[in-house]
Amino acid sequence: MQGICKLCRQQKELRYSHIVPAFAVRWLKKTSLTGYLKTLKSKVRVQETRRVFLLCGDCEQILGQDEKIFCEQLFIPYHEKNQQQFEYGSWLRRFMVGLHWKVLVTKEETYPAKAEAAYARAEVEWRQFLLGQSASPGDAEFHLFLSDVVQDSTGELPQKINWYLARGFDLTPIYSDAGMAGVYAMIVRTLTFSYLTPKAAKDKMIGTQIAEEGVLQTPQTIQSSLGSFIVGRAKAIERMPKTMSARQHEKLLERARTEPEKLAQSEGFRTFDADMQLKQRRMRDKLLREEARRRMKGRSRNSPCPCGSGLKYKKCHGRPNP
């Protein structure tokens, strides 16, 4: 298809480009039981994520170089070898700039004027940076957080939180009423953020900021409104209609019976099991709270919690419900 390449702005033959990097799509299919992808909008299985006529062949290669390095030096070592420390060079920031730039140039919604102004400015700065016309991607602040399945929580979490984090893609501009604007791109356990405006002073991102070069390692910490944003995105999945038909469910159970080892080793099963374990722990905690409340009736909240933890009741199962 002939058209204007979004990156070099020249009239050329356009490629049918992935928004989500192709390596992540391949890995997700490889580690699933079915070998297919599911969407939130249809019961039809798919082989690809969203693609658009976006880049010419030369510009596709520019972004593809950094995607390849990111896949080989961070994505695969983290997902398949459980590596927790990574030395990185300029390729990591370039990968994030390219990914977040694609989010901005393919966005389908209109955002508040201040946010749109920040997006427009970043799009120009990032395009010039990717083309080698600028040595810097501007004032944007980039962060990368390596997540995994949630084993436990002190607060209420969506039932599908692990499925969202470990088996999903989510790419969107972000903004707040306070004037923050940025980009969020989550690719199966790899959460990336860019702040196009200064983040709130109370926001703490520990071990996540990406420089020209450095070392990225876990554990990392996010103490900001982004935590609530991520939980909100995961909750949205629960409001979606179920997209697995009865026949697809039957086929999946049959494969589980005939290929139990493959099921047990799949990332899909690990994620499903983590969601179930988290749900069971929350149910047990609820029962313990109810029992503790019954046994503490008429007693001081400073008394030891009847669960046997050694803590005061008010500091243990007598805390306000999360």
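**Close-up views of a predicted model**

**Figure 1. Arg-9 in its loop.** Arg-9 is partly exposed, with a relative accessible area of 46%. The model shown here and in the other views is predicted. Arg-9 belongs to the loop between strand 1 and strand 2. Its phi is positive, about 65°, although Arg-9 is not a glycine. Most residues other than glycine have a negative phi.

**Figure 2. The salt bridge between Arg-9 and Glu-123.** Side chains of opposite charge can pair when their charged atoms come close. The structure holds 14 salt bridges, and one of them joins Arg-9 to Glu-123, with the closest N and O atoms 3.6 Å apart. Arg-9 lies in the loop between strand 1 and strand 2 (11-18), whereas Glu-123 lies in helix 4 (residues 113-130), so the pair ties together parts that are 114 residues apart in sequence. Are the two partners buried or exposed, or partly exposed? Arg-9 is partly exposed at 46% relative accessibility. Glu-123 has a relative accessibility of 11% and counts as buried, because the limit for buried is under 20%.

**Figure 3. The salt bridge between Arg-93 and Glu-212.** In this pair, the closest N and O atoms of Arg-93 and Glu-212 are 2.6 Å apart. Arg-93 is buried, with a relative accessible area of 15%. Glu-212 is partly exposed, with a relative accessible area of 42%.

Figure 4. The side chains of Lys-107 and Glu-116 form a salt bridge, with an N to O distance of 2.9 Å. Lys-107 is partly exposed, and its relative accessible area is 26%.

Figure 5. Most peptide bonds are trans. The bond from Thr-218 to Pro-219 is cis, with omega near 5°. Pro-219 is in the loop between strand 10 and strand 11 (221-223).

Figure 6. Where is Val-188 placed? Val-188 is in the loop between strand 7 (181-187) and strand 8. Its relative accessibility is 0%, and Val-188 therefore counts as buried. Phi of Val-188 is near 30°, a positive value in a residue other than glycine.

**Figure 7. Ala-201, an exposed loop residue.** Ala-201 is in the loop between strand 8 (190-195) and strand 9 (204-206). At 82% relative accessibility, Ala-201 counts as exposed, because the limit for exposed is over 50%. Ser-224 is 23 residues from Ala-201 along the chain, and the C-alpha atoms of these two residues are separated by 9.6 Å.

**Figure 8. A nonpolar patch on the surface.** Met-1, Tyr-16 and Phe-53 form this patch. Together the three residues have about 320 Å² of accessible area. Met-1 is in the segment before strand 1 (2-4). With a relative accessible area of 48%, Met-1 is partly exposed.

**Figure 9. A patch of positive charge on the surface.** Which residues gather in this patch? They are Arg-301, Lys-312, Lys-314 and Lys-315. Lys-312 is in the segment after helix 9 (267-295). Lys-312 has a relative accessibility of 42% and counts as partly exposed.

**Figure 10. The whole chain, for placing the close-ups.** The chain has 9 helices and 11 strands. Of its 322 residues, 43% are buried. Among the contacts with a separation of 6 or more, 66% are between residues 24 or more positions apart. The chain exposes about 17900 Å², and carbon and sulfur atoms supply 51% of this area.

Definitions and conventions. Residues are numbered from 1 along each chain as its sequence is written. This is a predicted model: local features need pLDDT of at least 70, side-chain atom pairs count only at pLDDT 80 or more; totals for chains, interfaces and linings use all residues. Side-chain values use heavy atoms; hydrogens and water are left out. Helices (H or I, at least four residues) and strands (E, at least two) are DSSP runs, numbered from the N terminus. Buried means under 20% relative accessible area, exposed over 50%, partly exposed in between (1.4 Å probe, protein chains only). Contact means heavy atoms within 4.5 Å. Accessible areas come from the Shrake-Rupley method with a 1.4 Å probe; for residues, only the protein chains shown count as cover. Patches are made of residues with over 30% relative accessible area and no salt bridge: like charges are joined within 9 Å, nonpolar side chains (Val, Leu, Ile, Met, Phe, Trp, Tyr) within 5 Å. A salt bridge is a side-chain nitrogen of Lys or Arg within 4 Å of a carboxyl oxygen of Asp or Glu. Lys and Arg count as positive and Asp and Glu as negative; His and the chain ends are not counted. The place of a charge is taken as NZ of Lys, CZ of Arg, CG of Asp or CD of Glu.
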